[in-house]
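Hi there,

Here is the structure I promised to pass on. My notes on it follow below; could you have a look when you get a moment?

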Amino acid sequence: GLGDVYKRQVSDLVEHPERYDGRKVTVRGVVVAVNTSAGNLTLADADEPGHTVEVRHASGFPEGVVADATVVVRGVFRAAAMTLEATSVETGCPSRY
């Protein structure tokens with residue numbers, strides 16, 4: 001449905017984790033730090049850098065996912081760990097096909 005398409009901000013997850021727990025979300029944010037080998041990164045809210053969540057992506061991250069990059073993460077949010085189990089991570093710059 002359209003609900004999946006609507007992009008959340010990181011602050012939405014941080015302020016209302018129970019609302020998104022176990023749900024598929026699409027979140028836009030800014031990469032604070034990335035550990036490519038471990039397949040995780042810290043994602044901050046674009047407007048409120050103090051709000052962060054962890055992102056786990058087993059198959060690693062595409063090129064361009066570096067500190068200060070804007071990315072769009074799709075995945076399932078786990079409130080207890082404040083972690084997004086990502087199914088996809090894309091850089092914020094539009095790709096042309």
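Throughout these notes, a contact means heavy atoms within 4.5 Å. Of the contacts in the protein between residues at least 6 apart in sequence, 52% join residues at least 24 apart.

Please keep in mind that this is a predicted model, where local features need pLDDT of at least 70, side-chain atom pairs count only at pLDDT 80 or more, and totals for chains, interfaces and linings use all residues. Residues are numbered from 1 along each chain as its sequence is written, and side-chain values use heavy atoms, with hydrogens and water left out.

On confidence, pLDDT is the predictor's own score for each residue, from 0 to 100. The protein has a mean of 89, and 89% of its residues reach 70 or more. Strand 4 scores highest at 98, while helix 1 (residues 2-5) is lowest, with a mean of 49. Where pLDDT is low, the predicted coordinates should not be read in detail.

The protein has three helices and six strands (DSSP runs numbered from the N terminus: helices are H or I, at least four residues; strands are E, at least two). Their order from the N terminus is α-β-α-α-β-β-β-β-β.

Of the 97 residues, 38% are buried (under 20% relative accessible area, with a 1.4 Å probe and protein chains only). Leu84 is in contact with Leu13, Val25, Val27, Glu54, Val55, Arg56, Val73, Gly75, Val76 and Phe77, leaving aside neighbours within four places in sequence.

Best wishes

Terms used:
Buried < 20%, exposed > 50% of the residue type's maximum accessible area, 1.4 Å probe, protein only.
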